[in-house]
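Subject: Structure for your review

Dear colleague,

Please find below the sequence and structure that I am handing over to you. My findings follow directly after them.

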Amino acid sequence: MPKPAESPAAADAGPLLRVHALQAGHARPVVGPLSFEIARGEVVGLWGRNGSGKSTLLQAIGHGARIFGGRIERAPGTRVAYQEQRPVRLSASPLTGLDLLRAAGPAADDRPVHRRQRGRPALPTPLAALLRQRLDRLSGGQYQLLGVWAALQGAADLVLLDEPTNNLDPHHETLLVDFLKADADRRGVLLVSHERGFLDASCSRILEIGT
Ligand SMILES: Nc1ncnc2c1ncn2[C@@H]1O[C@H](COP(=O)(O)OP(=O)(O)OP(=O)(O)O)[C@@H](O)[C@H]1O
């Protein structure tokens, strides 16, 4: 489930994220040194072979990985949502799709008609059908799509998505590209994918790591 922090909205000026000479890892460094920036409105893709440290880089920015050198700077007040490569799912839970959207923040917590009235993207029809369903009864792809929408349309300014096409068929992968383009100026996105076609269709820039 996405975890937006409860800080005020980030200032509009300057990049949301600055990564400078970062070396990150776990017991030892596995990625870097890397330097890049992400501004609001950008969708930046991470591309690289298995084990090159893409997930570790997202973890270092989101939470969890150890920083061995360099620095990560977020614009003051930047709220982060992080969809992990294998999002945690409770085996039994009465929570619904609507509960998941509400947890992402007020912007994601709405029905299609209300969203249109506020000038925000309408909840896509395939997701509207999931609002009343229990999360533990959703398919892997349904859960993935709902989680990514919540991260993108929730309160976060910076959205980290690790393999967001996991469990998605080609039709829903296309829908995901539309999700990323909807209201894109409101946030910056850093995503990992092995699917080059998806990266080319959805990203404004692609960073290759581990070469
Ligand atoms: N929690 C962890 N503790 C120790 N080492 C880890 C941990 N997670 C990942 N690693 C190691 O860090 C290296 C980079 O892993 P990471 O998952 O970041 O790569 P990746 O590029 O995302 O790979 P993939 O494309 O296969 O998902 C690997 O050698 C991996 O074994």
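Ala 21 is exposed in this predicted model, because 11 other C-beta atoms lie within 10 Å of its own and a residue with 12 or fewer counts as exposed. The residue is part of strand 1, which covers residues 17–25. Leaving aside residues up to four places away in sequence, Ala 21 touches Pro 33, Ser 35, Gly 69 and Gly 70. Gln 142 is 121 residues from Ala 21 in sequence, and the two C-alpha atoms are 37 Å apart in space.

The ligand is the next point. The residues around the ligand are His 26, Ala 27, Val 30, Gly 48, Asn 50, Gly 51, Ser 52, Gly 53, Lys 54, Ser 55 and Thr 56. Sorted by class, this shell comprises two nonpolar, eight polar and one charged residues. Helix 1 (residues 54–62) supplies the largest share of the shell, with three residues. For the complex, the predictor gives an ipTM of 0.97 and a pTM of 0.88.

A pair of helices also deserves a description. Helix 5 (residues 140–153) packs with helix 6 (residues 170–181) at an angle of about 5°, and their axes are 10 Å apart. Helix 5 is therefore roughly parallel to helix 6, since angles under 35 degrees count as such. On the side of helix 5, the contact is made by Gly 141, Leu 145, Val 148, Trp 149 and Leu 152; on the side of helix 6, their counterparts are His 172, Leu 176, Phe 179 and Leu 180. This contact has seven nonpolar and two polar residues, and no charged residues.

As for the protein as a whole, seven helices and eight strands are present. The protein has 211 residues, of which 39% count as buried. Among its contacts between residues at least 6 apart in sequence, 77% join residues at least 24 apart.

Finally, some remarks on confidence. The mean pLDDT of the protein is 86, and 86% of its residues reach 70 or more. Over residues 1–11, however, pLDDT stays under 50, and the model has 37 contacts beyond four places in sequence for this stretch. Residues 112–117 likewise have a pLDDT below 50; beyond near neighbours in sequence, that stretch has nine contacts in the model.

With kind regards

Conventions: Residues numbered from 1 in each chain as written. Predicted model: local features only at pLDDT ≥ 70, side-chain atom pairs only at ≥ 80, totals over all residues. Helix = DSSP H or I, 4+ residues; strand = E, 2+ residues; numbered from the N terminus. Buried ≥ 20, exposed ≤ 12 C-beta atoms within 10 Å, placed from the backbone. Contact = placed C-beta atoms within 7 Å. Near = placed C-beta within 6 Å. Nonpolar A, V, L, I, M, F, W, Y, C, P; charged D, E, K, R; others polar. pLDDT = per-residue confidence, 0-100. Axes fitted to C-alpha atoms, helices over the stretch in contact; angles between N-to-C directions. Parallel < 35°, antiparallel > 145°, perpendicular 65-115°, else oblique.
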